[in-house]
Amino acid sequence: MTTGDMNIELKDIRFHYGKITALDGVDLALGEGACGLLGPNGAGKSTLLRILLGFLIPAQGEGSVLGYDIRKDQFLIRRSVGYMPEGDCLIPGMDAVTFTAYFGELSGMPRQEAMKRAHDVLFYVGLGESRYRLLETYSAGMKQRLKLAQALVHDPKVLFLDEPTSNLDPQGRTEILDLIKDISLKKDIQVLVSSHILTDIEFTCSHVVILNKGKVAAQGELEALKEIQFSLYELRTKGETAGFLKGLKDKGCRVEETEDELMKIYMPANLSRTEIFRTAALENVQIRYFIKSRTSLEDLFAETVGVD
Amino acid sequence: MPIAERGYAHWDGAFVERRFPWWPITRLGIRLAFKRKFFKPLFAISLAPAVFFLAGIYMSERIEDFQFMFRGRNGNRLLGVDPAFFKTYFTFDTVLFLMVMLMVLAGAGLISDDLKFNSLQLYFSRPLRKRDYWLGKMATVSFFLLIVTLVPGLLFILFKIIFSGSFKFLTTYPWIPLSVVGYSLLVTLFFAFYTLLISSLSKNRRYVSILLFLVYVFSDVFFGIFYGIFHEPAFCLLSIKCDLQQVGAFIFRVRPQYDVPWIYSVLVLTAICSVSGFVLKRKIRGVEVIQ
């Protein structure tokens, strides 16, 4: 994919809240498809979304969303992107059709077309039957769908979803994730999902951006990242393991021990697995069980951010 | 319903550049106000004083027909349509009270509901300026207040001309239309700022409603107490109602009720509007839409 194909591009973005650095030289290039935005609390995800929506002007760096400058064209950006906030958002006393059409109109759609489009979008998200009900009577899952509908009503080219499955039961969660997947794969809309639920990202996204302490810790295609970043091995040993573990850590591996005495070794891409055996031989440790484990996004996140 | 059965077609229309981007907000505010319980009867009642005064204009032109209703020559004085007549309507306690009640029902939730239900994030993720949001909300309150002030004021002038069959009233008081427009705008602007200020202070619509009512009433009660104790007319500045009446008296060129320069009342009202602007600027922040 060339630079021209990128819908979201950021170069060396820096932003500070007073003395606190929120973003420190963030470079991003996101093309079509669904992308997950991950990071621990305080990593800079919200600040990044604020900058992408044009609410904050970065102290340094430049960027564009759909070719619009994030410093100058905030209104054009907001017209072309849809945003689904995290918490419950509604206007009491309204029904879903009026609500959705209202926000379509505020996006710049003609009134009649906004109303027509509201019906279509509500059917799409599965609220067709209850579109004339008062919003206060909606369940958590319905409110989530409603937020998705208002984000889609003006047919955005990019969709920002902030914790789209929060407060949902398993059934509702699956349905929302199906919708997100459908939007990103079949509707030609780029989706940027910010979520703490790694399995949601893994289910819906082909790309991932991991932020940590205001910097991009990893970004790229999810499958490739899992391969490139590290290899994960699971093993059981016999003997005194302290020296063995120290030896592995000195080589740059991260080691986790589970309650059932299974060791998980995250090995950097530049190391060969023979190093594990070499270290074990040096420390007189017997390896009784050894398997290359399938890496999950959770493993990637833990390895990149350095948390369990 | 499985995904495969759901349709999603891209919208091929064109966005429009609205001259007044705040208008959809105003339209919605008006619509939601009429959906509120008791609002329609209150709105009808708030028009009653205007009807009463219109009847007064008709009677003033047919004074002989209604002479039996009055003793002596009082009828002429009572029904004289002059600047004092307009000042009386515009600063009438009942009219001001009904305006406050309209604000309680139609304006209390304008911002507090948006704060409570997090809808600010939805507004500001659209191509909408903070200014447009304010204007949309203010215009909602203004719509109702102007119906109670500007519309009757202009109708009074029109009906006076129609009933009298001459333009003598306008030639005698050529500044009256300007005064009507000026005072209507002033009182509307002030009450719009007042409503939005209080509406932005709490996420609870009920508290806002109570506060809207109590601040207005108690400002007058405090004035009454202090005036009763110290007999100092300057305490009228404490009362929102008196401030509006003092300014109204100046605009309609009538002797004010209290011997306090009208400009002080203007300053008090301006100060409240300024505080409102400051608080709104702090409370309504697009940057906080993403929590």
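These notes cover a helix, a loop serine, a sheet and an aromatic pair in a predicted model.

1. **Helix H1 of chain B.** This helix spans residues 23–35, which makes 13 residues. From first C-alpha to last it reaches 19 Å. That is close to the 18 Å expected at 1.5 Å a residue.

2. **What H1(B) buries.** The buried residues are B:Pro24, B:Ile25, B:Thr26, B:Arg27, B:Leu28, B:Gly29, B:Ile30, B:Leu32 and B:Ala33.

3. **A:Ser107.** Look at the loop between H3 and H4 of chain A, where A:Ser107 sits. Is this serine buried or exposed? Its relative accessibility is 0%, so A:Ser107 counts as buried, the cut-off being under 20%.

4. **Contacts of A:Ser107.** The side chain of A:Ser107 makes a polar contact with the side chain of B:Arg126, at 2.7 Å. Leaving aside residues up to four places away in sequence, A:Ser107 touches A:Arg79, A:His154, B:Phe15, B:Arg126 and B:Pro127.

5. **The sheet in chain A.** Six strands form an open sheet in the order E6-E7-E8-E3-E9-E10, with mixed pairing. The edges are E6 (81–84) and E10 (215–221), each pairing on one side only. On average, neighbouring strands are turned by 15° against each other, direction ignored.

6. How do E6(A) and E7(A) run, parallel or antiparallel? They run parallel, joined by 4 bridges, with E7 covering residues 158–162 of chain A. Opposite A:Val81 stands A:Val158 in E7(A).

7. **Helix across the sheet.** Helix H6 of chain A, residues 170–186, lies across E3 (34–38), E7 and E8 (190–194) of chain A. H6(A) runs at about 145° to E8(A).

8. **Aromatic pairs.** Over all chains, the whole structure holds 51 aromatic pairs. One to inspect is B:Phe86 with B:Phe169. The ring centres are 5.9 Å apart and the planes stand at 20°, so this pair is stacked. Stacking here needs planes under 30 degrees apart.

9. **What that pair joins.** B:Phe86 lies in helix H5 of chain B (residues 83–90), and B:Phe169 in helix H11 of chain B (residues 168–172). The pair therefore ties together parts that are 83 residues apart in sequence. B:Phe86 is buried, with a relative accessible area of 0%. B:Phe169 counts as buried too, at 6% relative accessibility.

Methods:
Residues numbered from 1 in each chain as written. Chains lettered and ligands numbered in written order. Predicted model: local features only at pLDDT ≥ 70, side-chain atom pairs only at ≥ 80, totals over all residues. Heavy atoms only, no water. Helix = DSSP H or I, 4+ residues; strand = E, 2+ residues; numbered from the N terminus. Expected span 1.5 Å × (residues − 1). Buried < 20%, exposed > 50% of the residue type's maximum accessible area, 1.4 Å probe, protein only. Polar contact = N/O pair within 3.5 Å; in protein donor to acceptor, adjacent residues only side chain to side chain. Contact = heavy atoms within 4.5 Å. Pairing = 2+ DSSP bridges. Axes fitted to C-alpha atoms, helices over the stretch in contact; angles between N-to-C directions. Phe/Tyr/Trp six-rings, centres within 6.5 Å; stacked < 30°, edge-to-face > 60°.
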